[in-house]
Structure formats: structure tokens, C-alpha cells
Amino acid sequence: MTKVRGRGVLGAVVLCLTMGACTESEAPRDGKEPAPDQAPAGMAGTHQVVATDRDLVPTFVKGALGPAPTGRDALRGLRPESLAPTLAKVATLFRVSPEQLFLKKAYVGFDGDTHFRFGVRINDVEVMGAELRLHARNGQVFAANGDARGDLLAPEGASLSEGLAQTTALSDRGTPPGATVSGTPVLVYWREGGQLLLAYRLRIVGETEEGAPVDDTVLINARTGDLFERFTNIHSALSRRIHDGENTNDLPGVLARTDAPVADPIVNAAYDNVGAVYACYNELFGRDSFDNEGGALVATVHHRVSYVNAFWNGEQMVFGDGDGVTASNLAESLDVTAHELTHAVTDYESQLIYSGESGGLNESMSDIFGAVCEWHFQGRTLDEGTFLVGEDVWTPGVADDALRYMMNPTLDGDSLDDYPDYSSGVDVHYSSGISNLAFYLLAQGGTHPRFPTRTAVVGIGMEKAARIFYKANADILTPTSTFEAAKVATEQAAQQLGYDAATIESVSNAWKAVQVGIVILPPHRVLERGVPLPFTGSRGSKEFAMGEVPEGATDLRFTMSGGSGDADMYVRYGQVPTNGVYDCRPYRSGNNEECLFPTPAAGKWYAMVNAFTDYSEASVVMSYRGGFFPLEPGVRVDGLSGATNDSNGFFVEIPETMHPGKHTVTVRVQGGTGNVDLYVRKGAIPTHSEYDCRSMKAGNNERCELKGVTPGKVYVWLYGAKGGYSDVALIVTYR
């Protein structure tokens with residue numbers, strides 16, 4: 001049974017603060033834009049890959065990528081087929097076909113660039129969170145980014161009925177009694193490592209036993225029936241409407257103010273704060289309300305009795321009165337209001353999914369623009385409370401207290417300030433500290449509060465930092481973006497905004513300060529092929545191992561088994577896996593887990609054993625078939641054997657010399673018993689149909705000679721014909 005970590009509504013003492021969207025105004029580029037008739041620096045010629053995924057498939061490219069309509073006039077009556085030639089060129093870079101893409105949105109951003117957002121459908125089923133984004137200027141697409149992979153394994157056809165999916169969702173222990181399914185289940189694909197899971201997406205609504213609202217999206221595997229993802233749609237917001245909830249659960253409640261002040265100071269405070277946040281977004285980014293279309297800003301105050309929370313529910317802001325101890329009235333806080341309205345902006349723009357790393361980024365964007373709008377309201381000046389979240393309402397009886405501390409996140413006792421500490425079980429309100437600190441360092445400069453010896457960041461000021469993070473959220477980030485994707489997005493946003501190299505370096509250094517984008521290898525043991533490696537650990541501990549996989553290996557397996565307790569195995573190519581980033585994670589109860597990679601890349605593969613509970617003596621074995629191993633020229637190798645259809649593979653490196661010229665390479669197989677076939681190829685692994693020389697005599701005396709060989713690799717493949725072969729010798733020479 002797949003284990004699930006629920007992501008429901010937080011307890012009453014945690015603010016569910018979030019929001020998000022982007023503007024389409026034509027504000028200037030902050031004085032640093034390229035001339036209108038020039039492409040951005042470095043954009044000419046062929047495309048440049050800025051970032052890739054773990055399979056080395058591009059996730060961000062730059063260059064002259066093809067024509068596209070730009071500007072508001074060109075987007076009026078836009079015909080998607082006008083983008084077809086450019087899309088055909090760009091899509092192949094991201095391993096997706098144009099036929100799998102559909103246009104979701106086309107708009108002009110606050111800096112004047114034009115953007116096109118495409119979703120992905122495979123087998124007529126949408127891939128949840130997958131997007132391809134094109135960025136254009138002066139009639140030309142100059143960048144593209146996304147995670148639109150259309151080449152992943154995607155099962156077709158649900159084994160589970162819609163009715164059973166609903167029953168499973170309602171009976172899950174994360175679903176409160178009395179909850180209902182809103183709407184009908186929808187089939188989607190969800191990316192899990194290197195494959196797509198076919199799943200039913202359902203929306204569950206109701207209340208907790210304490211009366212807190214529940215609005216969760218759950219994903220249920222349409223083949224196995226496992227509920228494997230749950231995340232909340234409630235994020236803890238010129239037309240303003242302030243309602244009075246009259247200390248009930250009713251939303252929106254009684255309309256209390258639309259214009260002139262009223263007797264209730266809390267209603268007036270909410271009205272003023274909503275207006276201040278509108279002005280912040282409008283004056284800095286030209287944004288017209290949370291949806292950038294002048295949508296009414298609706299808020300309810302006096303929600304429930306002594307309610308210590310504030311949230312955006314997808315339609316409006318809701319504020320509790322607080323209990324006077326944990327918090328005073330939340331509607332009186334400007335940064336709390338900005339936080340909630342930023343959740344709305346994010347919902348309309350990047351749509352960062354409120355779970356895992358994307359959820360931490362979602363929450364962080366709200367904290368960041370809470371600080372930005374507080375700075376803006378105070379005449380664009382900073383004070384001791386600018387980078388504190390909710391400091392004016394949180395624990396009113398405790399001086400200098402706050403809900404979160406952006407300049408030093410660990411001060412609250414829960415938030416993270418360093419990416420290596422992140423795991424998928426960390427609540428999004430606490431993982432937000434990673435990017436909160438990165439933003440603080442970018443704006444203000446300095447060093448990491450706990451690791452001052454790391455690279456110092458040169459601050460660029462609040463307004464430039466805000467523009468960079470706003471553009472990233474509005475135009476570049478996708479629903480499933482990670483912290484590493486956010487680093488790339490903000491670096492590219494700074495470049496697209498026309499900022500200089502020193503500014504872009506500060507962006508990079510701010511993320512490096514929290515170790516995002518830095519490969520850090522923890523202590524690890526070595527996995528030898530076929531040799532069990534035992535692990536023991538206590539709950540929450542992590543152990544690591546690394547194994548080398550040669551060229552041409554197939555059917556790579558990592559198998560964990562035995563022992564007691566419950567450990568989880570994570571496997572990743574090229575880098576150490578984390579709880580949130582991996583190529584395979586079976587995530588089963590107990591210690592029996594397996595990861596299979598039919599055609600693995602050559603190089604280092606890492607395994608992590610994570611203790612879900614205490615466990616002992618769980619063994620991990622790495623195995624694979626075939627592979628090509630280095631062989632020294634002129635050195636005889638004896639005792640080679642293989643069964644029918646089995647093989648041994650080698651390569652010889654012909655070195656560069658003072659006079660490289662061309663060489664003659666001779667490969668001989670001798671002795672032993674049985675029947676071996678010999679295949680030799682220059683520069684690439686031979687197959688039964690692709691080779692430069694093949695010797696298939698009866699018995700084991702085989703010989704190949706290649707003339708005119710230039711320096712480089714020569715591959716040798718011994719293949720077991722009928723009956724196999726035993727104890728043969730191989731020697732490769734060159735002259």
C-alpha cells in the first residue's frame with residue numbers, strides 16, 4: 001500500500017497566508033531595457049540551453065527561437081495556428097510534440113514582453129502542472145521554459161471506477177467526517193519521477209471537527225486505487241467589498257462597506273489595507289487587482305469566534321478576530337492582507353501547486369510581497385518590521401515577536417533556511433523560509449545568518465528584487481516549479497528585465513547562500529555490482545550510497561529487502577536524491593522495494609535510504625546486465641565466460657600522440673570452450689546490426705582488424721552464441 005503524507009489545512013494557530021497573479025500593463029523596463037530594435041544580449045544564433053532536468057532534457061532555453069505575434073494589438077483575435085512554425089521548433093527541444101500542446105493563455109507582461117502558456121495533453125488527458133512557456137519581444141520568441149515532457153511512459157485506461165475513486169477519497173483518514181466531493185472526478189496524469197501516473201483528481205470540501213474549512217484536492221491512482229497526493233486549496237486576499245461574518249462560519253457574510261467609512265474600525269482597517277495592497281501592485285507592476293482585470297477585492301472580517309487565522313479560499317480573503325493571546329485581529333495587518341492577496345495573484349499566474357517545493361515557493365511569494373507592500377505603503381522605506389511576517393498582530397503580549405522572520409527564518413523554531421534541510425514532508429509554511437531568506441539577501445545584501453563564511457550577497461534594493469521575483473512568478477514559474485527552478489527563473493527574469501551582470505550575479509549568489517543550485521555530496525558508501533549493502537537507521541535518518549554504471553549497461557536495478565521496520569529507497573542519476581527530487585521512489589510499507597531502469601545512463605547513480613520508522617538490516621543491491629568496461633591495449637584478459645545471449649563488453653582508448661595519424665586495431669579472441677561471436681565498432685557501442693567488424697566463426701577463435709582508426713574509443717563486444725562460451729581470452733592491440 002502506498003504511504004501518503006496528508007497536506008490538509010493547518011492548525012488554527014498557523015496563518016494560511018498566500019496569493020498570486022501578474023500584470024499586463026506596459027510599464028517601462030526600469031530604465032535598463034535593450035533598445036526596441038535589439039534582441040536581448042546573447043540571444044542571436046542558435047539556442048542556448050540554460051537548464052535541464054535529470055534526464056538532460058532542457059527546461060529553459062534562450063535564443064532566436066522563431067517568430068511570434070507581440071504586443072496587445074497582435075494578441076487581439078490571436079489564432080493559435082499562427083504560432084505553429086515556432087512551436088514545432090521549440091517543442092522538440094522539450095521532448096514534446098506540438099500536437100500534445102494547447103494554448104492556455106497569451107498576454108503582455110508588466111515589462112512589455114509577450115508570453116504564451118501551453119498546457120500538455122497525452123492520450124487526451126491533461127498532464128497536471130505541466131507547461132511550456134514562450135517569451136517574445138519585437139516579433140521574436142527569445143526564450144522558452146517548462147516541464148512539458150511528452151515522451152514519458154503514460155499508461156492508458158483506468159482500472160478504477162469514478163465511484164470507487166470517490167469512496168476512496170472520502171474514506172481516507174485525511175478526509176474529515178461529513179466531507180463531500182465537489183464536482184466529478186477528472187482523469188489527469190501526474191508526473192512521478194520519470195513516468196506519468198494516471199489518476200483521478202477530486203476536490204473534497206467540508207469542515208474539520210474544530211470548524212475550520214476544508215477544501216482539498218486529492219489524487220487517486222486510477223490503476224491501483226492508492227490516494228497518493230493531497231494538498232489544500234485554502235491559502236492561509238478598484239473595487240473593494242468588506243463583509244462582516246458576525247462571528248459565524250458564513251461567507252461572505254453581511255456587506256459592511258463599499259465606500260465611505262463605517263463605525264466598525266476592523267471593517268475600516270480591512271478596507272484600507274486592501275486598498276494599500278491594490279496600490280502596491282498597481283504602482284509597482286501596473287497590475288489591476290488580483291486577476292489583472294479589475295476583479296472585486298472581497299474580504300470578510302469577524303470570521304467565527306476568536307479565530308486565529310487568515311486565508312484566501314480561491315474567491316475572497318477571510319480574517320479572524322484572533323484570541324488576543326496568540327494573535328490580535330488579523331484584518332489590521334497590512335502584510336497579512338498582502339500575503340493573502342498574493343496567493344490570489346499566484347493562483348492566476350504561476351499557479352504553483354500548494355504542495356512540496358512548489359507549495360513552499362507559493363507560500364514564500366506571499367511572505368515576500370507582504371514585505372514589499374509594507375515597504376511600499378511606508379513610502380518605500382524599510383523599518384525593523386519590514387521582513388517580519390504578521391509582527392503587528394502576532395502574540396500581542398510578546399514584544400518583537402512575529403509569525404516568521406525572513407531575515408533569519410529559523411528564529412520561529414520551525415522554518416528552514418537551507419535547502420539541504422528540505423524534505424517533502426516539511427510544511428509549506430516552513431519550507432518557505434528557504435526562498436524568503438534568498439529574497440532578503442538579494443534585497444538587503446549580507447551573508448547567511450547561520451553560515452556567515454558562505455559567499456556574501458551584494459544587495460540590489462527592494463524595488464529591483466521585487467520586480468525580479470514578480471516577473472518570475474508572473475511569467476516564468478510553472479505549477480510544479482522547484483527551488484532550483486526558481487533560481488533559474490529569477491536569474492532569467494533579471495536578465496529579461498535588462499539588469500546588468502552584477503545584479504544577475506547577486507540573484508545567483510542569493511540562492512547559493514541557501515545552497516539552491518549547489519551540488520553537495522553527503523558522506524556515502526560505495527555500491528558494488530551484485531553485493532548487498534546493509535543499512536540501519538532511526539526514524540527520519542538518511543543514509544546514502546553510490547554505484548558506478550558503465551556504458552551500455554541495461555536493466556539497472558536497485559533492490560532493497562530484508563530486516564525490520566520501514567525504510568524508503570530513493571534513487572537518482574548524477575546527484576544525491578532528496579525527499580522531493582528523485583528518479584524512482586517506490587514508497588512502500590516495509591523494506592521490500594525495487595527500482596528498475598531498462599536503459600540507464602552511464603555514470604554515478606545514488607541511492608538514499610530514508611527511515612520512515614526505525615529500521616535495521618535492510619540491504620540494498622545494485623545490479624545490471626552487460627556494460628562496457630575499460631581495457632588496456634596489449635593486455636591479455638583471460639577467463640571470460642558467458643551463457644547463450646549473454647555478453648562481455650570492453651572499450652580501448654586509442655590515445656592522442658605527437659603524430660595522431662591513423663592506426664590499425666586488431667582484436668583477437670582465443671582459447672576456452674563453446675562458441676563466442678565478436679563485434680567491434682569505432683566510437684560507438686556495437687549491436688547485432690551496427691558494427692565495423694564482425695567475426696562469427698564456429699568455436700572461439702575470432703579476429704577483427706580495423707584500419708584507419710583515429711584516436712578515441714574502440715568498442716569490443718563478446719556475445720554468447722548457442723551454448724555460450726567459457727574461459728576465453730581477449731587481447732586488443734594497435735599500431
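Predicted model: local features only at pLDDT ≥ 70, side-chain atom pairs only at ≥ 80, totals over all residues.
Strands in these legends are DSSP runs of at least two residues, numbered from the N terminus.

**View 1**

View 2. Strand β11 (residues 240–244) is where confidence is lowest, with a mean of 78, while helix α8 (residues 462–476) has the highest, at 98. Then there is the stretch of residues 1–45, where the pLDDT is below 50. Even so, that stretch has 194 contacts in the model beyond near neighbours in sequence.

**View 3. Here is the second largest pocket.** The space in this pocket comes to about 730 Å³. Its lining is made up of 29 residues, and M128, R203, T217, F231 and N233 are the ones that lie nearest the centre. Which elements supply at least two lining residues each? They are β5 (125–137), β7 (180–192), β8 (195–207), β10 (227–232) and α5 (334–348). β7 gives the most to the lining, with six residues. Sorted by class, the lining holds 12 nonpolar, 12 polar and five charged residues.

View 4. In an unreviewed entry, UniProt lists "domain: FTP" at residues 105–147. That part of the model is 77% strand and 0% helix, and its end C-alpha atoms are 17 Å apart. The other label, "domain: Peptidase M4", is placed by UniProt at residues 267–347, again in an unreviewed entry. Here the chain is 41% helix and 14% strand, with 25 Å between the end C-alpha atoms.

View 5. Start with strand β19 (residues 533–537), which runs antiparallel to strand β24 (residues 603–630) and is joined to it by four bridges. In this pairing, L533 stands opposite V620 of β24. Next comes strand β20 (residues 542–549), also antiparallel to β24, with eight bridges between them. There, G547 faces W605 in β24 as its opposite number. How many bridges join strand β21 (residues 551–561) to β24? Eight, and these two strands run antiparallel. S561 is the residue that stands opposite S619 in β24.

**View 6. Strand β24 also pairs with β22 and β26.** Strand β22 (residues 564–573) lines up with β24 in the antiparallel sense, over nine bridges. A567 has A611 as its bridge partner in β24. Do β24 and strand β26 (residues 647–654) pair in the parallel or the antiparallel sense? The pairing is parallel, and it covers three bridges. To find it in the model, look for P630, which stands opposite F651 in β26.

Note on methods
Residues numbered from 1 in each chain as written. Heavy atoms only, no water. pLDDT = per-residue confidence, 0-100. Contact = heavy atoms within 4.5 Å. 1 Å grid on protein atoms, 1.4 Å probe; cavity = no way out; pocket = protein on both sides within 12 Å on 5 of 7 lines; lining within 4 Å. Points joined across faces, edges and corners; volume = space filled by probe spheres on them. Nonpolar A, V, L, I, M, F, W, Y, C, P; charged D, E, K, R; others polar. UniProt positions renumbered as here; feature names shortened; annotations may be inferred. Pairing = 2+ DSSP bridges.
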